[in-house]
Amino acid sequence: MNSPPRNAIALTLTDLGVLAVRGPDARRFLNGQLSQEVLTLDAASVRLAGLHNVQGRVLAVLRLVAWADDVVLCVLPRSAIAEIRTLLARYLLRAKATLTDESDAWRIEGLWVDGAGVMPEAAQGVAAGLGAAHREGEALSWRHAADDRRLRLSPLAAPPAATDRTAAEAHADDAARTAWHLADLAAGLPEIHPATRGAFVAQMLNLDVLGGISFTKGCYTGQEVIARAHYRGRVKRRLQRFEAAASAGVGMPAPGETLRLADGRAAQIIDAALRPDGRMAFLAVAPYATSGAAASGADETEAPETRGAEATPRVDATPLPLPYALPD
C-alpha cells in the first residue's frame with residue numbers, strides 16, 4: 001500500500017485549474033448542465049458534479065465552489081478547461097453568465113496530515129465532513145476524499161513566477177505528486193482523460209456513490225439515461241481498483257486502454273500509476289467479479305467499443321477494496 005509523504009504540508013496542484021462561471025444566471029445555467037444541485041450550493045460546502053452528453057456519458061468531473069452568490073468556481077484538470085468551456089458556451093444562449101478560464105488567478109493546493117496524524121497548521125479548522133468547506137481569510141479548504149487530504153483554493157494577486165529548483169527539490173516535488181496521484185487511485189476518485197471522455201455513464205464511474213449526482217433536481221443534460229440506470233438498477237460495470245506487477249506482460253496502461261483480467265473480465269482503464277514498490281495501481285471499469293466476464297446481455301450503459309471485443313493484453317491483477325461501498 002502506498003503512504004503519503006510523512007511531512008507533507010502543502011503541494012501546489014498545477015494540473016488543476018479553475019473555470020469561473022460569473023453572473024446573475026450562473027447557478028441556473030450550471031444547474032441545467034450538471035448532475036449536481038447547484039441552486040442550493042452555499043459557501044459551507046463543495047460539491048462533486050458530472051458534466052454529461054445527451055447519452056448520459058461523462059465529459060468531465062468537477063468540484064463546485066460557491067465563491068459568491070453570482071460566482072461558481074469549477075475545479076477540474078487544467079488541460080480540459082478549454083474544451084469544457086467551449087462545450088458549455090454553446091448552451092449559454094440568453095443566460096446572463098460568463099465562462100472564463102481563471103486558472104492563473106488561483107492557487108490550488110493539496111494538504112496532507114503529517115506522520116503523527118496532525119493536520120498541518122495551514123489546514124487547521126477544516127471541517128471533517130466530506131465536502132464541508134472552511135473559509136480562512138481569502139482561502140477556502142475542503143475535504144478531498146475519504147482520507148486525510150484536503151484541497152485549498154486561494155486567489156493569487158499575480159501569476160506565480162517561475163523559479164529554478166534544485167535537483168533535490170524537483171525530486172521531492174515529483175515524489176509528492178506521485179504520492180498524491182496514488183492516493184487518488186486508492187480513494188477511488190475517477191478522472192476523465194481525452195481517451196475516456198464520453199465513454200462511461202455516470203454510475204460506471206461511481207459518481208452516484210461519491211455524491212456527484214442529485215436524483216431529485218430538475219432536468220439536466222443526460223439526466224434521462226442516468227436516472228433510468230439508477231431506478232432500473234442495470235449498471236453491470238463499475239469503476240474498481242486493482243494492482244498488478246509492472247512486469248505482468250504489459251507496460252503502464254493508458255486511460256481508455258482495455259485489459260483482460262485473469263478471470264476473463266474486460267477492464268477499461270480510467271487511470272494508472274506506478275507505486276514506489278514497482279507495482280502498478282490502477283482504476284478500471286469492469287463487470288462485478290461475481291458476474292464474471294461471461295455475463296449475458298449487453299447492459300444499456302455498456303461502452304459500445306468494448307462489446308464483443310477481445311481485450312489484450314492479459315494482466316494478472318489483484319482486486320483491491322475501495323473506501324466506499326458499491327451497490328449490489
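A: Begin with the lining of the largest pocket. This is a predicted model. In it, 24 residues line the largest pocket.

Q: Which residues lie nearest the centre of the largest pocket?
A: D15, L16, P77, D184 and E191 do.

Q: What volume does the largest pocket have?
A: The volume is about 490 Å³.

Q: Which elements each supply at least two residues of the lining?
A: Look for β4 (58-68), β5 (71-77) and α3 (167-186). Of the contributors, α3 gives the most, with 4 residues.

Q: How many residues of the lining are nonpolar, polar and charged?
A: Sort the lining by class. There are 12 nonpolar residues, 4 polar ones and 8 charged ones.

Q: Now the sheet. How do strands of a sheet pair?
A: They pair through backbone hydrogen bonds, either parallel or antiparallel. Here, 5 strands form an open sheet. Read across, the order is β1-β7-β10-β9-β8, and the pairing is antiparallel.

Q: Which strands stand at the edges, and why is one side of each left without a neighbour?
A: The edges are β1 (10-12) and β8 (133-136). Each has a single partner strand, so one of its sides has no neighbour in the sheet.

Q: What does the twist average from one strand to the next?
A: It averages 25 degrees.

Q: Over how many bridges do β8 and β9 pair?
A: Strand β9 covers residues 139-143, and its antiparallel pairing with β8 runs over 4 bridges.

Technical notes
Residues are numbered from 1 along each chain as its sequence is written. This is a predicted model: local features need pLDDT of at least 70, side-chain atom pairs count only at pLDDT 80 or more; totals for chains, interfaces and linings use all residues. Side-chain values use heavy atoms; hydrogens and water are left out. On a 1 Å grid over the protein atoms alone, a cavity is a set of points where a 1.4 Å probe fits but cannot get out, and a pocket is an open set with protein on both sides within 12 Å along at least five of seven lines; lining residues have an atom within 4 Å of a point. Grid points are joined across faces, edges and corners, and a volume is the space filled by probe spheres set on the points. Ala, Val, Leu, Ile, Met, Phe, Trp, Tyr, Cys and Pro count as nonpolar, Asp, Glu, Lys and Arg as charged, and the others, Gly among them, as polar. Two strands pair if DSSP finds at least two bridges between them. Axes are lines fitted to C-alpha atoms, for helices over the stretch in contact, and angles run from 0 to 180 degrees between N-to-C directions.
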